[in-house]
Structures are given as C-alpha cells and as structure tokens.
Amino acid sequence: MKALACAVLLHVSLGAAAGCPVKRPGELPELPDGATAARAEMVRARSTVDNYLLQAEAYLACDVMNRRQYNALNARMDVLWESFNEEMIEYKVRTQMLAEK
C-alpha cells in the first residue's frame, strides 16, 4: 500500500513539474569583477542577471515546488541580485574615479 501511495505521489509531482513551461533555473551565472570589468562586460552581466531572475520568477509562478525549494530559489535570487549590485557599485566607483582624473 505504501509503495502504491509513493508511486502515485511521484507521478503527480513529476506531472506538475512537466506542466510548467519554464525550466528550473540552473546555477547562478558568474559575475564579472566590478574592479576590473569593462563596460561591455557589465552590460552583458546585467542582461544575464535579468534573464536569470525572469526565468526564476516564471518558474516560481508555476507553483511546482515545496516550501523549502521555493524559499531556496528565492534566496538564490536575492544573493544574485545583491552580488550584482555590489559589483556594479564597485564598477561605478572605479569608472567615476577614472573619469575625474
């Protein structure tokens, strides 16, 4: 009986994930070092971060994860955004200092 219940739950959870048209986001993208990055690298990074966050938000909206998975993905999104902002601040400080010379 337990095996049958587990099989049904597995089938339902796989079916729910299959019903989501968005793939679960993979690893966090690598960010350039704001202290040394060129403008083009920072622009590319912004686009990559935006795309990752949009994909993650769309996946969250599918409602196919349990609470722990949902919270973990939200935490990853926060870490990515905060890390990108730190690199962007570092980039802007560096480029502003160079422009003032």
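In the predicted model, Asp-50 is partly exposed, its relative accessible area being 28%. The side chain of Asp-50 forms a salt bridge with that of Arg-46, with an N to O distance of 3.1 Å. Arg-46 is likewise assigned to the partly exposed class, because its relative accessibility is 38% and this class lies between the limits of 20% and 50%. Both residues belong to helix α2, which covers residues 39-61. Asp-50 and Arg-46 are 4 residues apart, about one turn of the helix. The structure contains 1 salt bridge.

The largest nonpolar core comprises 17 residues. Within this core, the residues with the most contacts are Met-42, Leu-53, Leu-73, Met-77 and Phe-84. Two or more residues are given to the core by each of the elements α2 and α3, and the largest share, 8 residues, is supplied by α2. In soluble globular proteins, nonpolar side chains tend to be buried together.

A patch of negative charge was found on the surface, where Asp-33, Asp-78, Glu-82, Glu-86 and Glu-90 gather. One of these residues, Asp-78, is located in helix α3, which runs over residues 67-100. Asp-78 has a relative accessibility of 48% and is therefore counted as partly exposed, since the exposed class requires a value over 50%.

Technical notes
Residues numbered from 1 in each chain as written. Predicted model: local features only at pLDDT ≥ 70, side-chain atom pairs only at ≥ 80, totals over all residues. Heavy atoms only, no water. Patch = residues over 30% accessible without salt bridge, like charges linked within 9 Å, V, L, I, M, F, W, Y side chains within 5 Å. Areas by Shrake-Rupley, 256 points an atom, 1.4 Å probe, with all protein chains shown as cover. Salt bridge = Lys/Arg side-chain N within 4 Å of Asp/Glu carboxyl O. Lys, Arg positive; Asp, Glu negative; His and termini not counted. Charge placed at Lys NZ, Arg CZ, Asp CG, Glu CD. Buried < 20%, exposed > 50% of the residue type's maximum accessible area, 1.4 Å probe, protein only. Core = buried A, V, L, I, M, F, W, Y, C linked by side-chain atoms within 4.5 Å.
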